[in-house]
Amino acid sequence: MSRLIYLDNAATTKVYPEVFEAMKPYFTECYGNPSSVYGFASKSKKAVEDARETVAKFLGAKASEIYFTGGGSESDNWAIKAVAEARKDQGNHIITSKIEHHAVLHTCEYLEKHGFEVTYVDVDENGVIRLDELKAAIRPTTILISVMFANNEIGTIEPVKEIGEIAREHGILFHTDAVQAYGHIPINVEELQIDLLSASGHKINGPKGIGILYLRNSVKLGAFIHGGAQERNRRAGTHNVPGIVGFGKATEIGAETMEKRAAYEIALRDRLIEGILERVPHARLNGHRTERLPNNVNISFEFIEGESMLILLDQQGVCASSGSACTSGSLDPSHVLLAIGLPHEKAHGSLRLTLSEETTREDVDFVVEQVVKIVERLRSMSPLYDDYCKNHA
Ligand SMILES: *Cc1c(COP(=O)(O)O)cnc(C)c1O
């Protein structure tokens with residue numbers, strides 16, 4: 001089977017050839033340490049600062065507000081732990097949502113073991129945070145609101161502008177995990193009143209192991225990695241120059257192509273959603289129908305195990321992902337699907353397909369065809385489906 005249809009771009013993406021080309025010289029030719037003083041290193045230093053400038057411009061921020069990190073998880077950890085530490089005299093309460101990435105949720109759970117209190121706000125059936133609950137959760141001791149920009153499983157885009165307003169009104173810092181949104185939808189940290197923002201290279205056709213934290217200049221936080229003076233004394237460690245260059249180039253291309261790419265992906269996304277929902281009974285779309293990432297499709301199929309679908313799709317050369325964490329050795333269904341109100345069995349029968357600009361109409365039609373066949377085949381072997389049919393005959 002030589003044909004590969006990669007529909008797992010929320011998990012990671014292919015490095016753009018232009019990004020790879022831009023990175024190459026910084027491995028073999030311009031390998032100087034940007035912190036060194038001699039002329040040879042100044043090229044590396046300039047490359048780092050150029051990338052920082054590109055990222056800042058893209059976010060509507062200042063270059064001095066961009067910190068390079070080892071990825072999205074590190075940025076989330078840094079943002080939340082550093083705010084907790086810096087503001088612990090003002091309060092010990094953090095507000096987040098039930099559908100955050102584990103990099104946020106597990107960090108909050110860690111802080112709960114260290115004297116902090118966390119409110120996990122509910123989302124509605126489309127995965128949109130309940131703003132009334134968010135407001136009601138605010139206490140005099142609330143120091144941070146951390147709500148993701150867009151969800152990695154169901155693609156729902158959160159009302160970030162409203163959250164920014166609420167946070168600012170109450171003098172609470174606002175962090176957003178924008179790993180899935182960055183490079184896909186417009187973000188302006190000033191307009192949206194965001195104080196801290198995380199993004200990651202490998203989700204935007206850049207390299208793995210590089211990310212950024214946007215940190216508003218007026219917010220004073222401590223160092224996250226202690227050591228050298230890199231990143232204004234806040235994130236020690238020799239700069240990952242090729243990674244940073246790659247992140248900058250991926251941002252530049254992302255910014256240039258965003259509008260066209262989104263329109264292209266939305267058309268295919270909707271073709272895929274409609275194709276499946278029209279032909280497969282007992283299936284439903286998870287996530288908001290329109291306030292949704294351009295490349296995300298997430299559908300639940302009753303009477304089916306998502307894992308079985310993944311294996312059968314893989315046999316057809318289709319890379320996809322499911323709504324449960326069985327692959328990681330646990331049988332827990334996704335916390336995101338449970339939070340939007342799916343019962344366990346429906347959460348288990350979910351399929352996530354995330355497109356890219358390389359996805360074609362032919363790919364989409366092939367995948368619809370395969371999904372129809374696979375669902376029929378799995379249901380024909382399902383005693384639950386058999387019972388259902390007997391009861392509804
Ligand atoms: C992928 C992802 C992360 C983690 O980013 P890494 O760079 O892989 O550490 C965090 N949050 C969201 C929403 C993600 O999709």
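This is a predicted model: local features need pLDDT of at least 70, side-chain atom pairs count only at pLDDT 80 or more; totals for chains, interfaces and linings use all residues.
Which residues in α9 meet which residues in α13?

On the α9 side the residues are Leu 268, Arg 271, Leu 272, Gly 275, Ile 276 and Arg 279, and they meet Arg 361, Val 364, Asp 365, Val 367, Val 368, Glu 369, Val 371 and Val 372 in α13. As for the geometry, helix α9, which covers residues 241-279, packs with α13 at an angle of about 20°, the two axes being 10 Å apart. Since angles under 35 degrees count as roughly parallel, α9 and α13 are therefore described as roughly parallel to each other, and their crossing is right-handed.

Helix α10, residues 306-315, and helix α13, residues 361-380, have axes that come within 10 Å and cross at roughly 130°, which makes α10 oblique to α13. This crossing of α10 and α13 is right-handed. From α10 the contact involves Ser 308, Met 309, Leu 312 and Leu 313, and from α13 it involves Gln 370, Val 371, Ile 374, Val 375, Arg 377 and Leu 378. Here the contact residues divide into 7 nonpolar, 2 polar and 1 charged.

Turning now to another partner of α9, helix α3, residues 39-59, has an axis that comes within 9 Å of the axis of α9, and the two cross at roughly 35°. The crossing of α3 past α9 is left-handed. In α3 the residues concerned are Ser 44, Ala 47, Val 48, Ala 51, Thr 54, Val 55 and Phe 58, and they meet a set of α9 residues that includes Val 241, Ile 244, Phe 247 and Met 258. By class, the residues of the contact of α3 with α9 are 11 nonpolar, 4 polar and 1 charged.

Next, the sheet. It is an open sheet of 7 strands with mixed pairing, in the order β2-β8-β7-β6-β5-β3-β4. At its edges stand β2 (66-69) and β4 (117-121), each with a single partner strand, so one side of each has no neighbour in the sheet. On average, and ignoring direction, neighbouring strands of this sheet are turned by 20° against each other. Within the sheet, strand β5, residues 142-146, pairs with strand β6, residues 173-177, in the parallel sense over 3 bridges, and Ile 145 has Phe 174 in β6 as its bridge partner.

Two helices lie across these strands. Helix α5, residues 102-112, lies across β3, β4, β5 and β6 and runs at about 145° to β4, while helix α7, residues 160-169, lies across β5 and β6 and runs at about 155° to β6.

Finally, the domains. The domain assignment gives domain 1 as 5-12 + 258-384 and domain 2 as 17-253. Taken over C-alpha atoms, the centres of domain 1 and domain 2 are separated by 28 Å, and 25 residues of domain 1 are in contact with 29 residues of domain 2.

Note on methods: Residues are numbered from 1 along each chain as its sequence is written. Side-chain values use heavy atoms; hydrogens and water are left out. Axes are lines fitted to C-alpha atoms, for helices over the stretch in contact, and angles run from 0 to 180 degrees between N-to-C directions. Helices (H or I, at least four residues) and strands (E, at least two) are DSSP runs, numbered from the N terminus. Angles under 35 degrees count as roughly parallel, over 145 as roughly antiparallel, 65 to 115 as roughly perpendicular and the rest as oblique. A crossing is left-handed if the near helix is turned anticlockwise from the far one by less than a right angle, and right-handed if clockwise. Contact means heavy atoms within 4.5 Å. Ala, Val, Leu, Ile, Met, Phe, Trp, Tyr, Cys and Pro count as nonpolar, Asp, Glu, Lys and Arg as charged, and the others, Gly among them, as polar. Two strands pair if DSSP finds at least two bridges between them. Domain bounds come from an automatic or database domain assignment.
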